[in-house]
Each structure stands twice: as structure tokens, then as C-alpha cells.
Amino acid sequence: MARSSSGFVAGLTAAAVLTVGFLAHQAQATIPQSLSGRPGPTATPAASVSKAPRDKRRPTALPGGSGTGERVVYSLDDDRVWLVGPDGSVQNTFRVGPGNVDPAPGTYAVVSRSKAITGTDGVPVEHVVRFTSTDGVVIGFSAALDGSWPTSDPAIRTGGIRESRADGEAMWMFATIGQKVVVIR
């Protein structure tokens with residue numbers, strides 16, 4: 001009797017795994033391009049992107065060529081974020097500490113958010129706002145509960161872009177699902 005019960009359970013388990021795999025594939029296949037977290041048709045390939053113009057007198061000013069309308073602007077070279085309102089005015093700007101995996105310059109959209117999780121480096125983080133992945137590493141903004149920045153251990157691939165807790169809360173309130181994120185040099 002035990003042998004037939006274990007075979008039955010193994011069959012049910014296999015059927016459940018296949019069903020979940022099929023549903024995951026269907027879900028991935030039906031995500032609109034605008035929410036997929038991949039560069040959309042307006043994204044510029046990384047190889048041809050030049051550094052966005054900067055105001056030398058005001059280093060925290062929003063760089064030219066960083067898009068239009070409401071958006072999050074993230075500068076890879078400056079380790080800085082700007083939260084830009086619908087009228088093009090900067091609502092907030094702050095420094096960030098990137099992980100060791102960068103997204104390609106381009107235009108993305110926020111695809112998921114988590115109030116609190118453990119980061120790739122094992123640090124508890126909050127206000128997680130994800131917008132893409134690169135080579136299997138999820139890229140997004142977050143704030144470490146202990147205030148730490150990403151580790152510099154090259155063995156741990158991290159895509160977390162760390163903010164202070166106050167800046168993380170500002171990002172959380174601003175960057176809801178579908179919010180445009182522009183990554184520049």
C-alpha cells in the first residue's frame with residue numbers, strides 16, 4: 001500500500017510542477033513590452049549612448065537629454081537619482097550606491113515593488129522598486145534597514161541601487177508600477 005501511495009504523490013507533484021511551469025511561461029509571455037522591464041522601442045543601445053549634458057555650475061541639476069514628463073532619472077556615472085514631476089520639475093534628487101551589475105542606458109518602467117525583503121547581499125532592505133534585470137540579476141532601488149551600501153564583493157552579483165532610508169521612502173511614494181525610469185550615463 002505504501003508503494004502505491006508514494007507513486008500517487010509523486011505523480012501529483014510532477015503534475016503540479018508542470019502546471020506551475022506552464023502558467024509561469026504564459027504569464028511571462030503576456031507581459032506588455034511597456035511593463036516587461038526590458039528596454040522598449042525608445043531605448044538607445046548602450047554602445048551608442050553618450051554622456052547626457054551636465055550643468056557645470058550646478059552638479060545636482062537634472063541632466064539635459066534625460067527624457068520628458070514624469071520619470072525617475074538614474075545616472076550611472078554620477079550615482080545620482082532625480083524624481084521628475086509631470087511638468088518636468090525636479091521634485092527630489094539624491095546620491096545612491098549602485099551594486100556591481102548596471103542596467104544598460106535606456107528607458108524602462110517599474111515592474112514590481114516589495115515593501116521589505118532581504119537583498120542579494122543578505123542585508124534586509126525596504127522600499128524595493130524594480131525596473132529591469134541584466135544577465136539574470138534583478139536591478140532596482142532599495143534602502144538598507146541598517147543604512148549600509150551594497151557590498152563590494154565581486155563574487156556576489158548585486159543589482160540593488162541603495163538609497164538612504166528617507167530617499168528610499170521618497171522613491172517608494174513616487175515610483176509606482178509602470179512609472180518611467182530613464183537610465184543615463
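Trainee: Is tyrosine 74 buried or exposed?

Mentor: Please bear in mind that this is a predicted model. Tyrosine 74 has a relative accessibility of 0%, and it counts as buried because that value is under the 20% cut-off.

Trainee: Where does tyrosine 74 lie?

Mentor: Tyrosine 74 is part of strand β1, which covers residues 71–75.

Trainee: And which residues does tyrosine 74 touch, leaving out those up to four places away in sequence?

Mentor: Its contacts include Arg80, Val81 and Val96. Also among them are Phe141, Ile161 and a run made up of Val182, Val183 and Ile184.

Trainee: How far apart in space are tyrosine 74 and proline 105?

Mentor: Their C-alpha atoms are 9.1 Å apart, with a sequence separation of 31 residues.

Trainee: Changing topic: which strand holds glutamate 126?

Mentor: Glutamate 126 belongs to strand β6, residues 124–134.

Trainee: Why does glutamate 126 count as buried?

Mentor: Its relative accessible area is 13%, and glutamate 126 is therefore classed as buried, the limit being 20%.

Trainee: With which side chain does the side chain of glutamate 126 make a polar contact?

Mentor: The partner is the side chain of arginine 165, at 2.7 Å. Arg165 is also listed among the residues that glutamate 126 touches, along with Lys115, Ala116, Ser142, Ala143 and Leu145, when residues up to four places away in sequence are not counted.

Trainee: In which sense do β5 and β6 pair?

Mentor: The pairing of β5 and β6 is antiparallel and runs over six bridges. Within it, serine 112 stands opposite arginine 130 in β6.

Trainee: What about the hairpin of β5 and β6: how many residues lie between the strands?

Mentor: Five residues lie between them, and glycine 122 in this hairpin adopts a positive phi near 85°.

Trainee: On to pockets. How much space lies in the largest pocket?

Mentor: The largest pocket holds about 250 Å³. Its lining consists of 20 residues, and those nearest its centre are Gly119, Thr120, Val138, Gly159 and Gly160.

Trainee: Which strand gives the most to that lining?

Mentor: β7 does, with six residues. At least two residues each come from β5 (112–118), β6, β7 (137–144) and β8 (160–163).

Trainee: How do the lining residues divide into nonpolar, polar and charged?

Mentor: Eight of the lining residues are nonpolar, eight are polar and four are charged.

Definitions and conventions
Residues numbered from 1 in each chain as written. Predicted model: local features only at pLDDT ≥ 70, side-chain atom pairs only at ≥ 80, totals over all residues. Heavy atoms only, no water. Helix = DSSP H or I, 4+ residues; strand = E, 2+ residues; numbered from the N terminus. Buried < 20%, exposed > 50% of the residue type's maximum accessible area, 1.4 Å probe, protein only. Polar contact = N/O pair within 3.5 Å; in protein donor to acceptor, adjacent residues only side chain to side chain. Contact = heavy atoms within 4.5 Å. 1 Å grid on protein atoms, 1.4 Å probe; cavity = no way out; pocket = protein on both sides within 12 Å on 5 of 7 lines; lining within 4 Å. Points joined across faces, edges and corners; volume = space filled by probe spheres on them. Nonpolar A, V, L, I, M, F, W, Y, C, P; charged D, E, K, R; others polar. Pairing = 2+ DSSP bridges.
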